Amino acid sequence: MPDTVVVSRPRRPRTRAVVALVAALLTTAASGAVPAGAAPAGTAAGVGTGAAAGVGTGVGAPTDAAHAQIPLYQQAVAVLPGGRRTGVPADAVPLFLPGTRVADPAAAVLAAALGASPTTSVHVGPAAAAAAAAEQQAWLAAGDVPGAGGPHEDLARAALLDLHSLTVADGVVVAGWSSHWRYVWPRDSAFVAVALARTGHVDDALAVLDFLAQVQEPDGAFHARYRTDGSGPPDDRGLQADGTGWAMWAAGLVLAEVDADERTAVAQRLAPLVERSATHALDLVAGGLPPASPDYWEVDEQEVTLGTAAPLVAGLEQAGVVLDAAGRPGPARAAAAGATRARRAVVEAFGPTDYGRYATRTVPDAASAFVLAPFWTHQPPGAVDAWRASVPSMRRPADGLAPGGAWRRDGVSWTPQTTLYAWVAAEQGDVARATHWLDVVERSRTPSGAIPEKILADGTPAAVAPLGWSAACVLLAVDALDDA
């Protein structure tokens, strides 16, 4: 007999669902709040499709526009039986089976009866839902939740659930669930792989890197993003040089989490991806700095940015480690020597502008984090001070950060950069700053607990939720705080 949603349920689970659902509805009604993600009447929704939703013209460039009002596209991704996924509407009452992103079937029936939006409109029977929940719980239990027993345990658990929910196939983690984000970005996947490895999910991390090896161009280059079936890029955005650096960097950090008796075999598994990437990276930095390329801002550039140059250095440093462990001493030495030359070129070019976005002028940028640990193995003199000095021009009303000082002043904080700075602060031993930026994100999660891409001026979550890059940085920051 098919497993279908039924109203008849054991009394205690149904009672729990009724109480939780009614409480949620009463809370919303009492507060008079606009449903999560709904723009207030009379405001415009400033929606972008990627990192470059609007760029200013100078450091701290103001605009005449009011603070942006951007809707929340969805508040989570729900897990369905059979590995399927579906978005949770922004105005839904989120009720999941405990410790999971699996919607409670009883709550869905009650929500419909009370005229509320259920967590998901996909009908799933109780047995199938319980099986999906058990699978997700088993995945969590197979690794570690950073921050256990501390103030950020729940945030870290939510980040892990976000990453698991965004995993649509073995090794395939989409950046977000909205249509323009439902692709694989090499950069985002690199951070996800490191986060998975450091939380005890090494096999999943290696699968992520295997997918990158599958879609990589024969010469070691990467496009900006890829379809989830591995069939290539979805558009003509073109190649993006930082992806090559991020792939090598992630391979090295994932390898560091592998048990010693498996290290050689894993290094050999990673070697084709890393060696192709290193060959391409060495070509890019043959003259010192690489050519201009889009970076994480995802806009065309006429001159090289730190966001392109710094990841290539980080990647080549790790390539030397991976290739040496794989028993390829010649390519390992070439990668290490290339890293040294490229690092010197970046320091000479970007050091005088305080490690800002460009070598020709001082424009504070979040890429200043990329020359510090956990990216470069040797931090250049003055780089930590420059990184800290970048914050004032990037800070936004909700106390999060924009991608750079030249980003438009629309009041929006971006969680990828806010959580990136939390991780770097934690790696620097700066517990206060790391905790502060994690708390900013903690306060602005969606009703489902997912980590959004953006935070509006009033602290409201906005745009894509969850965002894999941000979830990864949260996990890495909390993990680093555990070490601190």
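Reply: Gladly! This is a predicted model, and buried residues make up 56% of the 484 residues in the protein.

Me: What makes a residue count as buried here?

Reply: Its relative accessible area has to be under 20%.

Me: How do you know that the length of H8 agrees with what its residues should span?

Reply: H8 runs over residues 263-284, so at 1.5 Å a residue its 22 residues should span 32 Å. The end C-alpha atoms are 29 Å apart, which agrees.

Me: Where does H8 bend?

Reply: At Ala271, by about 50°, with a proline, Pro272, following within four residues.

Me: Which residues touch the most other members of the largest nonpolar core?

Reply: Phe191, Trp249, Phe375 and Tyr421, in a core of 128 residues. A second, separate core has eight residues, among them Val79, Val124, Ala132 and Ala133.

Me: What does Tyr421 touch, leaving out residues up to four places away in sequence?

Reply: Its partners include Trp387, Val391, Met394, Leu401 and Trp437, and also Asp365 and Ser368. Each of these contacts has heavy atoms within 4.5 Å.

Me: And how many helices and strands does the protein have?

Reply: There are 15 helices and seven strands. Among contacts with a separation of 6 or more, 69% join residues 24 or more positions apart.

Notes. Residues are numbered from 1 along each chain as its sequence is written. This is a predicted model: local features need pLDDT of at least 70, side-chain atom pairs count only at pLDDT 80 or more; totals for chains, interfaces and linings use all residues. Side-chain values use heavy atoms; hydrogens and water are left out. A nonpolar core is a set of buried Ala, Val, Leu, Ile, Met, Phe, Trp, Tyr and Cys residues joined through side-chain atoms within 4.5 Å. Buried means under 20% relative accessible area, exposed over 50%, partly exposed in between (1.4 Å probe, protein chains only). Helices (H or I, at least four residues) and strands (E, at least two) are DSSP runs, numbered from the N terminus. The expected span of a helix is 1.5 Å times one less than its number of residues. The bend at a residue is the angle between axes fitted to the seven residues ending there and the seven starting there.
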